[in-house]
Amino acid sequence: MESDQHKRVLDPEHDTAALKALTHPLRIRLLGLLRQDGPATASELAARTGESSASASYHLRVLAKYRFIAEAEHRDGRERRWRALHTVTSWSNESMESSSAGRAFVSLARRKQIEHLEASLAQHESDMAAGRLDPEWVEPSGISDLMPRLTPGSVSELWATVAAKLEELTARDADDPDAERVVLLTAALPVARYEQDGSGAAEDAGGQARPASTASTASTAGGASAAGTPSTEDGALS
């Protein structure tokens, strides 16, 4: 769990302008790169995102205006360098649900997290194939998607348990030379119950057709599947 000084908590009532500023795919990408890889210039970030230096520079200035990033120590006087001010952006889902700006931000943030997972999977596979990671990482690595039946209270308890254990293990491994950066994306998304119509097709409570499950496979100890930026019940974007 991130300490308060490393967390930017967004409140839709008081941070409306900041929310709108962050509800932009490139700005989320730039902020994520600064958090992941450390200080960089607009030119360096432009090269990594496929944007122009002018575009990257503009969006970095917007992030700075709303205190997501700040100027970093310059290597030389030729180009401004930027650094992230926090390691995590977090929010209350309940508070965000109360405003259209909040809902739009949460929806975009979640989809960017899925994109981050896809990019991380590609990087992981490339790193393993190239021998950049120790073979010991093969077994513990993986993705699981399960569909347990839980109450809202149990899901909140699960978030808290995962956060506490992660904090414990992160502190334990802080100085271990065998530790690597691990992409850990967690999700808990309840879906409404459905009934079968006369043809056997699945429908939700409103009579709308529901997509079928796309997976029913299971992998080794590294993951399991039963179907298809956070901390506690809130959302988090790192």
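**Exercise 1. Describe the packing of helix H3 (residues 42–49) against helix H4 (residues 53–65).**

Solution. The axes of H3 and H4 come within 8 Å and cross at roughly 115 degrees. Axes here are lines fitted to C-alpha atoms, for helices over the stretch in contact, and angles run from 0 to 180 degrees between N-to-C directions. Helices (H or I, at least four residues) and strands (E, at least two) are DSSP runs, numbered from the N terminus.

The next step is to classify the angle. Angles under 35 degrees count as roughly parallel, over 145 as roughly antiparallel, 65 to 115 as roughly perpendicular and the rest as oblique. H3 and H4 are therefore roughly perpendicular to each other.

On the H3 side, the contact (heavy atoms within 4.5 Å) involves Ala42, Ser43, Leu45 and Ala46, and on the H4 side Ser53, Ala56, Ser57 and Leu60. These residues comprise 5 nonpolar, 3 polar and no charged. In this scheme Ala, Val, Leu, Ile, Met, Phe, Trp, Tyr, Cys and Pro are nonpolar, Asp, Glu, Lys and Arg are charged, and the others, Gly among them, are polar.

The model is predicted: local features need pLDDT of at least 70, side-chain atom pairs count only at pLDDT 80 or more, and totals for chains, interfaces and linings use all residues. Residues are numbered from 1 along each chain as its sequence is written, and side-chain values use heavy atoms, with hydrogens and water left out.

**Exercise 2. Characterise helix H2 (residues 25–37) and its contact with H4.**

Solution. H2 has 13 residues and reaches 18 Å from its first C-alpha to its last, close to the expected 18 Å. The expected span is 1.5 Å times one less than the number of residues.

Buried residues (under 20% relative accessible area; exposed is over 50%, partly exposed in between, with a 1.4 Å probe and protein chains only) of H2 are Leu26, Arg27, Ile28, Leu30, Leu31, Gly32, Leu33, Leu34 and Arg35. Just after H2, glycine 38 adopts a positive phi of about 90 degrees.

The axes of H2 and H4 come within 10 Å and cross at roughly 80 degrees. H2 is therefore roughly perpendicular to H4. H2 contributes Leu26, Arg27, Leu30, Leu31 and Leu34 to the contact, while H4 contributes Ser55, Ala56, Tyr58, His59, Leu60, Val62 and Leu63. The contact residues divide into 9 nonpolar, 2 polar and 1 charged.

**Exercise 3. Characterise helix H6 (residues 100–129) and its packing against H2.**

Solution. H6 has 30 residues and spans 44 Å from its first C-alpha to its last, close to the 44 Å expected. Its buried residues include Phe105, Val106, Leu108, Ala109, Lys112 and Asp127. Just after H6, glycine 131 takes a positive phi of about 75 degrees.

H2 and H6 pack at an angle of about 55 degrees, with their axes 11 Å apart. H2 is therefore oblique to H6, and the crossing is right-handed. Pro25, Ile28 and Gln36 of H2 meet Leu108, Ala109, Lys112 and His116 of H6. The division is 4 nonpolar, 2 polar and 1 charged.

**Exercise 4. Describe the surroundings of glutamate 71.**

Solution. Glutamate 71 lies in strand S3 (residues 69–71). At 42% relative accessibility, glutamate 71 counts as partly exposed. Not counting residues up to four places away in sequence, glutamate 71 touches Arg80, Arg81, Trp82 and Arg83. Glutamate 71 and arginine 83 are 12 residues apart in sequence and 6.1 Å apart in space, C-alpha to C-alpha.

How values were computed. Left-handed = near helix turned anticlockwise from the far one by under 90°.
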